[in-house]
Amino acid sequence: MGKNLKLQCFLSFEQLLCEYRLNPLGIDTPCPRFSWKISTPRRGSYQKAYQILVARTLEALQSDTGDMWDSGKVEGRASTNIPYAGEPLQSRTRYYWKVRVWNEEGLPSSYSAPAWFETAFLTQEEWEKSVWITPPVVLERPSAPMFRKEFFLEKKPIRARAYISGLGYYELRINGEKVGDHVLDPAWTDYTKRVLYATYDVTSYLREGLNAIGVILGNGWFAYSQTMMHPLPQFILQLYITLENGVKKCITSGRDFWVTVNGPILENSVYNGETYDARLEKPGWDMPGYRMDPSEWFPSIIAEPPGGIMVSQILEPIKVIKDIEPVNITSPKPGIYVFDFGQNFSGWVRLTVRGPRGTKVTMRFAELLYEDGTVNQENLRTAKATDVYILRGEGVEIYEPRFTYHGFRYVQVEGFPGKPTHENVIGRVVRSSVEQVGNFRCSNEILNKIQQNAFWTEANNLHGIPTDCPQRDERLGWLNDMTVRAEAALYNFNLALLYTKWMDDIKDTQDPITGAIADTAPFRRYGRKPADPVAMSYLLVPWLLYVFYGDRRILEKHYEGLRQWIAYLEKSRDENGIVQYSYYGDWAPPLPEAVPGSIGASAVSATTPGTFVSTCLFYYGILLLAKIAKVLGKKEEEDEYITLATRMKESINRIFFDRETKKYATGSQTCYALPLFLGIVPERDREDVLKNFVEEVVEKRKRHLATGNIGSKYVVDALTESGFADVAYALATQTTYPSWGYMVVQGATTTWERWEYVTSGPQIQMASHCHPMNATISAWFFKTLGGIIPDEKEPGFGCVIIKPYIPEDLDFVDCSLKTVKGLIRSSWRKTPDRLTVNVTIPWNVTAQVHIPADQRNLQAVTIKESDCIIWKKGHYVGNASGIRRGNAQGSSIVLEIGSGDYQFEIFWGGEDQ
Ligand code: BGC
């Protein structure tokens, strides 16, 4: 008992998550998974066993009864993604859970505070109670129809849930108020395959007596549906209410009578913007007792269902994340005002205006300005990116659009009554509300700005899917970009749920017979099917979800689909084993490296053969599949893929490797980087190949990249992994064209699609100024300068490798990552006499800390940890708490440590005085 009490003081439950969310509504998997984080100041603390209780009521849970599930005491360190294995769950039910753990000494904690999860619909049939509804034809193609339904509650409601989906976008309103804070909801999917619905707790919106529900619909991505020509927006809803007298009510779309009307939104389109005529507002339309004008309102009709299965939207909804104030306002022409937000971001603006009725304020969004200071929208292609607000003319009017978003830094305001000030136009940052998990800062301001640009670029491209750009008429989930982008994204954001959802989007593009997937998911508008083999993100993303979050389920769920895609590519090879097709390859290299004349809508590399990239990435895919098969315990299939990989490696070396010159294919940077990164280069040739590679980068290109979207990542990674981190660092800090630093010097606040600074001319067709495929260097900051690397052998950060590279001219790095286990921090600082490394390791995690002792005499190095000498004369001498052992490995000293905060001081020249 005494001991147990002591343990409580040292260990507190920080976060109990179910399917990665805190107390989620809308679980629709029969076996949701549980994770917990614990904070403790204790060093070397970990879990020896756990016990989970799940109960139907809070009372049962409080008396330690797991009437739904009692896992019993389960030995082991697993503390993330533990699947529920109790009694079958019921739909629309809340369950309570808690957990206790046994620590490294075998002492039990007390139970955590209770958490809960609530199911939505566990079967498709439950949706049959309602139908999709849409406006009747008499409404003459409304842009954003509004629907209304009134109902009476005889008693006070004590529990109410709304389940709703509206295509393309919906806004749900009850008694005059918007429900929840989702915007641009639901997330985009191929609606013929799956449709996401949201769950809201609407108890507090309802009242005893008369109530009214309103729904507004926008076009969203539904307008670009591949199966229907200009489909009308539609929605489906079920609202379950329990009254205080126990009576239950259910209001649905379809069964109940709904009326619909044209609203004030005259036009809305994801790409083009929104036009809103406030004179057409119908005040009170979503309130009880509203008197409808029968000449305007019509009964809604049943719509053709979109066709897909209904899936609960568990991923973080798109929300307004924050406001940004303009940093500058100019007036390049009379009556025209240009607001500069100082940052390229995605979202819209909130307009505050007062003026005569009918005044039309036009807002044009852009990433660029012309010389004369007006906005340059050329790179948006056909996207009009223009919002229009027409004033009702009564007092102060506040407007923000509902069913569009833009990627922009500047907004040009025309027709504003008077002279606008900073308060009149406020930027609203809008994206999937995923958590920022990474932080990186160092003593080099160029690197800091590159990281900041990369962060914003990724942030601006998270809208229910990972888009390629947020501004032009595209915004698609390109799989080729994601092959290189995913790792950097995972170092910056928690993408467990967003990527899990996007994996379904990819699966939905897969041909069930051939196994081919498409270049973009959801598949529409651009991209082809079968996808370019550079779409290896289909395998890499689930693998990274496994590595970063310990998510094994994603591997199980997609294993067959991944096998089919690899089988498809296997069939596409010629007799030499080479994958014989490529569309994009190492896409969008610096202009001199691109196929002449391909600078407009195409940007194929002239120096790196597409089939080489296709074949290498196919090889990468097989390696990943072999690893996945291993995790899933499919030994035979693992062997099969290892054999295939070996054959592929031989083919690549036979066809593309010149033994004389030690060159791969054309000897471009990407041609060296891929075989080195993938371990294709025969051991005996490695040194020569590396020499050529480094010569290409250092001598020939004077420490510049000559790569497209694929090569830029692998050049940096291959150099680093081959012992040339200094060359990678030179590329990262380069400031002349082409480089990331060049973008910074030109004033970029996000990463461009092209290495050139393009503002007009033929290249403008493909010159997004916010393109995450070129923001991949961010991963390198975290894993190389910060040195935080997940250990694949213990996925979900059971073990982390801390291995910072310390460049000569960098004084400090401060880097951290919030992981599924807690915050990992790796910071270092150089002073003339020492290197100080600060490391934070969360509970239940072990770390291998690599202290670089590069070219120093290991014998002379002394390491202190919190004032106690732990390394001296080439040996680990310490007995510091939390440190298990230390030994020299090559030119590093490797310390194995457990949870806790550590400060290591390294004295290169021997003991300090
Ligand atoms: C996209 C790129 C993508 C490319 C492939 C472009 O339009 O923006 O991100 O890699 O197409 O063709």
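**Strand pairing, ligand shell and cysteines**

Strand E12 and strand E15 (residues 194–201) run antiparallel and are joined by four bridges. Strands here are DSSP runs of E, at least two residues long, numbered from the N terminus. Two strands pair if DSSP finds at least two bridges between them. The model is predicted: local features need pLDDT of at least 70, side-chain atom pairs count only at pLDDT 80 or more, and totals for chains, interfaces and linings use all residues. Residues are numbered from 1 along each chain as its sequence is written, and side-chain values use heavy atoms, with hydrogens and water left out.

E12 also pairs with strand E17 (residues 234–243). Ten bridges join these two, again in the antiparallel sense. Tyrosine 163 has a bridge partner in each neighbor. In E15 the partner is threonine 199. In E17 the partner is glutamine 238. Strand E12 spans residues 157–167, and nine of its eleven residues are buried, so the strand is largely enclosed by the rest of the structure. Buried means under 20% relative accessible area, exposed means over 50%, and partly exposed lies in between (1.4 Å probe, protein chains only).

An open sheet is formed by six strands in the order E14-E13-E16-E11-E19-E22, with antiparallel pairing. Strand E14 (177–178) and strand E22 (298–299) are the edge strands, and each pairs on one side only. Within this sheet, six bridges link strand E13 (residues 169–174) to strand E16 (residues 209–218). Glutamate 171 stands opposite isoleucine 216 in E16. Strands of a sheet pair through backbone hydrogen bonds.

The residues surrounding the ligand include Arg472, Trp478, Tyr584 and His771. A residue counts as near if one of its heavy atoms lies within 4 Å. By class, this shell has five charged, four nonpolar and three polar residues. Polar contacts are pairs of N or O atoms within 3.5 Å. A polar side-chain atom of aspartate 481 lies 2.4 Å from a ligand oxygen. For glutamate 474, the distance from a side-chain N or O atom to a ligand oxygen is 2.7 Å. For glutamate 753, a polar side-chain atom is 3.5 Å from a ligand oxygen. Taken alone, the ligand exposes 310 Å², and the protein buries 95% of that.

A disulfide is a pair of cysteine sulfur atoms within 2.5 Å. By this rule the count is zero. Cysteine 18 is in no disulfide, and the nearest cysteine sulfur, that of cysteine 31, is 11 Å away. Cysteine 18 has 0% relative accessibility and so counts as buried. Cysteine 250 is partly exposed, at 29% relative accessible area.

Notes:
Polar contact = N/O pair within 3.5 Å; in protein donor to acceptor, adjacent residues only side chain to side chain. Areas by Shrake-Rupley, 256 points an atom, 1.4 Å probe, with all protein chains shown as cover. Nonpolar A, V, L, I, M, F, W, Y, C, P; charged D, E, K, R; others polar.
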